[in-house]
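Colleague: I would like to learn how to read a model like this one. Could we go through it feature by feature?

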Amino acid sequence: MVEKIIDLSDIELVGFLGIENKNINEIESAFPKTKIISRGNKISIKGNKEQLLEVEKIIRSLIIHYDKFGKLDKKIVLNHIKNGFSNEENESIVYGSSGNRIFAKTSNQKKIVELHEKNDLIFVIGPAGTGKTYVSVALGVKALKEKKVKKIIITRPVVEAGENLGFLPGDLQDKIDPYLKPIYDALEDMIPVHKMKKFIENKTIEIAPLAYMRGRTLKNAFILLDEAQNTTDSQLKMFLTRLGQNSKMIVTGDISQIDLTKNQSSGLVDAQNKLKGIKGIGFTFLDSSDVLRHSLVKKILDKYQKSWIILLLTMTQLL
């Protein structure tokens, strides 16, 4: 007789095991040569080696499913016993807090996923509404759920986009939070609120302004810098050199929406010119064809893009 122990430390036991362990009992009924015992936050599987390996595979697939969906019932358990994972699940980046699939929807979004797998640092450049931040956050949540990293660190430069930060009400955190709200919104789509609150409290997920990154070495982490077009050359250099061992970094930005003062150059534009061609660093570019918002957004972006091209051509002729 062989025994295998599976740790359920990060799993809500009642939801996973079911009332009176009914979910586990379904597996045990399907494999009569094995005995499954729940003790504390561990599961012990004993029995025939061949069946034991099959039962372990099913339980581990159910753990992944529960982590993604946050629920488990008899129908799901029986489906995993019979069929295992579907191709649809394999193609997803992660599952949202309501059980919805989150996946790359356009060819350029798929390039983000592919480049992230092959490189430790990638730059994702494109206009608003193309999903660059959302897909990047999903990759971070996936890495955390799969225990490839110990924490997620997400940051943005705090730059006034035509508004005066000093006139916003509240203390410093109150003034900063509006800049970080899109990040919180994306995370809430992917992680149940109670779990996200716990992650933020114990620093498993850290969301902070770029200035808070100075002097740190970010190890065993997924790191995302959003709105990088609003970093200066020195700020972006500071951030990129925070990359530590066993970490992955994504830098996103929209070079058509730079809110820096006229005498400041964008660190993202500078990095695009300096860092291309370095092994381990990937670049991907999104455009209006990747816009997943209202159909008018694509038309608006196309018009502004044409204006940018005309302006650049005019400036070239004047030089």
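This is a predicted model: local features need pLDDT of at least 70, side-chain atom pairs count only at pLDDT 80 or more; totals for chains, interfaces and linings use all residues.

Colleague: Is Thr284 buried or exposed?

Modeller: The cut-off for buried is under 20% relative accessible area. Thr284 has 3% relative accessibility, so it counts as buried.

Colleague: Which residues does Thr284 touch, leaving out those up to four places away in sequence?

Modeller: Its contacts are Asn108, Lys111, Ile112, Leu115, Phe123, Val124 and Ile125. Of these, Phe123, Val124 and Ile125 fall within strand S6, residues 121-125.

Colleague: How should I read a sheet, and in what order do the strands of the six-stranded one come?

Modeller: Strands of a sheet pair through backbone hydrogen bonds, either parallel or antiparallel. Here the six strands run S8-S7-S9-S10-S6-S11 in an open sheet, with parallel pairing. The edges are S8 (205-209) and S11; each has a single partner strand, so one side of each has no neighbour in the sheet. On average, neighbouring strands of this sheet are turned by 15 degrees against each other, direction ignored.

Colleague: How many bridges join S6 and S10?

Modeller: S6 and S10 (residues 248-253) pair over five bridges, in the parallel sense.

Colleague: What about S7 and its partners?

Modeller: Five bridges join S7 to S9, and the two run parallel. Thr155 stands opposite Leu225 of S9. Five bridges also join S7 to S8, again in parallel. On that side, Ile153 has Glu206 in S8 as its bridge partner.

Colleague: Why is S7 described as largely enclosed?

Modeller: Five of its six residues are buried, so S7 is largely enclosed by the rest of the structure.

Colleague: Which helices lie across this sheet?

Modeller: Helix H7 (residues 132-145) lies across S6, S7 (151-156), S8, S9 (221-225) and S10, at about 165 degrees to S10. Helix H10 (residues 233-240) lies across S6, S7, S9 and S10, and runs at about 155 degrees to S10.

Colleague: In what order do the strands of the three-stranded sheet come?

Modeller: The order is S1-S3-S2, in an open sheet with antiparallel pairing. S1 (2-7) and S2 (34-39) stand at the edges with a single partner strand each, so one side of each is left without a neighbour in the sheet. Neighbouring strands are turned by 20 degrees against each other on average, direction ignored. S2 pairs with S3 (residues 42-47) over six bridges in the antiparallel sense. Within that pair, Ile37 has Ser44 in S3 as its bridge partner. Helix H2 packs on the sheet, touching S2 and S3, and its direction makes about 165 degrees with that of S2.

Colleague: Which residues of H2 are buried?

Modeller: In H2 (residues 22-30), the buried residues are Asn23, Ile24, Ile27 and Glu28. They cover an arc of only 140 degrees around the axis, so they lie on the same side of H2.

Colleague: Where should I look for a positive phi in a residue other than glycine?

Modeller: Look at two asparagines. Asn220, in the loop between S8 and S9, has phi near 50 degrees. Asn220 counts as partly exposed, at 25% relative accessibility. Asn246, in the loop between H10 and S10, has phi near 55 degrees. Asn246 is exposed, with a relative accessible area of 52%.

Colleague: What are the totals for the protein?

Modeller: The protein has twelve helices and eleven strands. Of its 319 residues, 44% count as buried. Among contacts between residues at least 6 apart in sequence, 69% join residues at least 24 apart. The protein exposes about 18,100 Å², and carbon and sulfur atoms supply 54% of that area.

Definitions and conventions: Residues are numbered from 1 along each chain as its sequence is written. Side-chain values use heavy atoms; hydrogens and water are left out. Buried means under 20% relative accessible area, exposed over 50%, partly exposed in between (1.4 Å probe, protein chains only). Contact means heavy atoms within 4.5 Å. Two strands pair if DSSP finds at least two bridges between them. Helices (H or I, at least four residues) and strands (E, at least two) are DSSP runs, numbered from the N terminus. Axes are lines fitted to C-alpha atoms, for helices over the stretch in contact, and angles run from 0 to 180 degrees between N-to-C directions. Accessible areas come from the Shrake-Rupley method with a 1.4 Å probe; for residues, only the protein chains shown count as cover. The arc is that of the directions from the helix axis to the C-beta atoms.
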